Amino acid sequence: LSALAQTRVLKGHSHNDYRQQIPFYTAYHHYFASIEADIFSVDGQLLVGHDRHELTPDRSFAKLYLEPILNIYDSLGNKAYSNVDGAFVLLLDLKTSYDSTLFQLVELLQDHREVFDAAAHPNAVRVVISGNSPSPEAFSLFPDFISFDGRPDQLYSASELARVAMISEDYTRFSEWDGLTTPNEHALERVKEFIDHAHRLNKKARLWGAPDTPLAWEVFQRLGMDYINTDQPEVFFNSFPVNE
């Protein structure tokens, strides 16, 4: 890896990370800020995949994500990286109902709380729940080391907002720019408004369904996007100069 890897964590969000040839490690070794996996609760197991027909017992959340994370934190002494301060988000998109999936996930993570509790360890992995997540009123049912993926149109109480780690939305709500040509001055006005709204709430901003091109990544970074969706972790990593 280039010297960039020794200076900071990138703003990349590894979308549908489990579809990478090497899940988790591809994004991790390219210093991504956020890694996403879709999980299903099936017969007492948490399995990873986009659709039910993709699920197999050997592609469990424990095998693809939990075990690698625990191994890294054990070998590095409760750190995400040996040479970079900070950690990464593990964004878990629940595909089955939260009343089965999330309680099961909490039970699995509880035994390793020191790895996921940012209040106790600043370099802890931050677990963020998306998809079939509970209503904001139910956030308090879950341990403090579990955070949630917020929405810009949702009104939160102060205590609920404290449990929100990021604000996310569908890119196509805000723009039709395809990421292939230089955008005009109006093409991304609403995207910038979305980012500014999240930042006023002291939250990080993420859009899904956004263009996945080097030009788009550069533009989103300039706009202040905190997590930039991509299915191309290695290309994303190599798109940013070391001295940037």
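Author: The model is predicted. In it, helix H6 covers residues 189–200, twelve residues in total, and reaches 16 Å from its first C-alpha to its last.

Reader: What makes that reach close to the one expected?

Author: At 1.5 Å a residue, the expected span is 16 Å, and the reach of H6 is 16 Å.

Reader: Which residues of H6 are called buried, and why?

Author: They are Val 191, Phe 194, Ile 195 and Ala 198. Buried means under 20% relative accessible area, so these residues of H6 carry the term because each falls under that cut-off.

Reader: How do you know whether the buried residues line one face of H6?

Author: Seen down the axis of H6, the buried residues fall within an arc of 95°, so they line one face. In an α-helix there are 3.6 residues a turn, so residues three or four places apart point the same way.

Reader: What covers the buried residues of H6?

Author: The cover includes strand E7 (164–170), strand E8 (204–208) and helix H7 (214–223).

Reader: Why is strand E6 described as largely enclosed?

Author: Strand E6 comprises residues 146–150, and five of the five are buried, so the rest of the structure largely encloses this strand.

Reader: How many bridges join E6 to E7?

Author: Three bridges join these parallel strands, E6 and E7. Gly 150 stands opposite Ile 167 in E7.

How values were computed
Residues numbered from 1 in each chain as written. Predicted model: local features only at pLDDT ≥ 70, side-chain atom pairs only at ≥ 80, totals over all residues. Heavy atoms only, no water. Helix = DSSP H or I, 4+ residues; strand = E, 2+ residues; numbered from the N terminus. Expected span 1.5 Å × (residues − 1). Buried < 20%, exposed > 50% of the residue type's maximum accessible area, 1.4 Å probe, protein only. Arc of directions from axis to C-beta. Contact = heavy atoms within 4.5 Å. Pairing = 2+ DSSP bridges.
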